[in-house]
Amino acid sequence: MTQKRVVIVGGGLAGLVAAAHLAQQGVACRLVEKRTYPFHRVCGEYISNEVIPYLDSLGLFPAHLSPTRISRLQLTSTNGRSASLPLDLGGFGVSRYQFDFYLLRRAQELGVTCSTGTEVSAVSYDADMFTVTTNHETLEADVVIGCFGKRSKLDKVLDRSFMHQHSPYVGVKYHIRLPGFPADLIALHNFKDGYCGISRVEDDTVNLCYLTHRKNVKASGNIRTMEESTLYRNPFIREIFTAAEFLFEKPETINEISFDSKAPVEKHILMAGDAAGMITPLCGNGMAIAIHSAKILSESIMHYAKKGSSLDRTALENDYKNRWEKQFALRLKSGRLIQKLFGNTLISDLAVSTLDKFPSLTQILVKKTHGKALIY
């Protein structure tokens, strides 16, 4: 396998974990990330415990960051009706600022060449080889992995179908101090045409991240006014915003968040994480899915690109596509269906009321959107 060269475009969770996994198997990896670590990402920063065995097997679990252990879920409707339940599998909270930076250093220790502050402008495929063009150099590769997030310039260059549709969703993230917020809790609060997730990460910091429809921002003129006029209608959100100490000078934001379907293989590029599939925030957790996708992608590459053999590209692509569908298709579909229960005043109130009265139903929904522990 040492004769195969892999270029990974994008240094999020999927890209960093895949790089570390492949490097441990002796693969020559180059990871290219347009930003410079450490940096914040718009993200819920809650990871299902399903990925802990896999991270442990690679020596990647960030125990030194003392991530919070999360075992309870609170749901509230737009008007403040509340339901709480235990999370059987549970999860942990850690900031992307710290976790991604840690994974980068671990990948480098394992021999991965990491080019940060470097943007990929084009990827072409010819005669069974890739040419990757960046703002600094041109790279050749046997395999290219795409881990460049929800919506990027490279998606447009590749003319991916979902890029022809505008998305109305905006993501906003803060880190806050919120004395008294339980370390073992993740809360999901509804508001009109959106929902807000809140949970602790390391160092007693609380991550507050919400998804809203663009029309909410447009009607208010700016994010702060929109928060007061729309999010505050949920009394739980209003209490959090008025009691919190905000740690960012301004929020992290992302526009045009696309939840349209995507292909896990596009023009022979193997996609992982958000680049591979429409991951709604209610699919159990996009961070765990990104890590899981890195696992199955790395395993597929190792199986079909053995040292000294020719690369059976068709078999590799079909194997990865089939494994992606088997692992995530139902989970993503469940997330899309559950998302329809959120952001609407009447529906969210009815949904929270029903889930409060029938906790067994809530557990079924949670299991539908979470995976099982990954054994490696």
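This is a predicted model: local features need pLDDT of at least 70, side-chain atom pairs count only at pLDDT 80 or more; totals for chains, interfaces and linings use all residues.
Reader: How do you know that the length of helix α8 agrees with its number of residues?
Author: Helix α8 covers residues 286-304, which is 19 residues.

Reader: What makes α8 largely enclosed by the rest of the structure?
Author: Buried means under 20% relative accessible area. Of the 19 residues of α8, 15 are buried, so the helix counts as largely enclosed.

Reader: Why is the contact between Glu137 and Arg30 called a salt bridge?
Author: The cut-off is 4 Å from a side-chain nitrogen of Lys or Arg to a carboxyl oxygen of Asp or Glu. Glu137 and Arg30 meet at 2.7 Å, N to O, so the pair falls within the cut-off. The two residues are 107 residues apart in the chain. Glu137 lies in the loop between β8 and β9, and Arg30 in strand β2.

Reader: What makes Glu266 and Arg160 a link between distant parts of the chain?
Author: Their salt bridge has its closest N and O atoms 3.2 Å apart. Glu266 sits in strand β17, Arg160 in the loop between α4 and β11, 106 residues apart. Both Glu266 and Arg160 are buried.

Methods
Residues are numbered from 1 along each chain as its sequence is written. Side-chain values use heavy atoms; hydrogens and water are left out. Helices (H or I, at least four residues) and strands (E, at least two) are DSSP runs, numbered from the N terminus. The expected span of a helix is 1.5 Å times one less than its number of residues. Buried means under 20% relative accessible area, exposed over 50%, partly exposed in between (1.4 Å probe, protein chains only).
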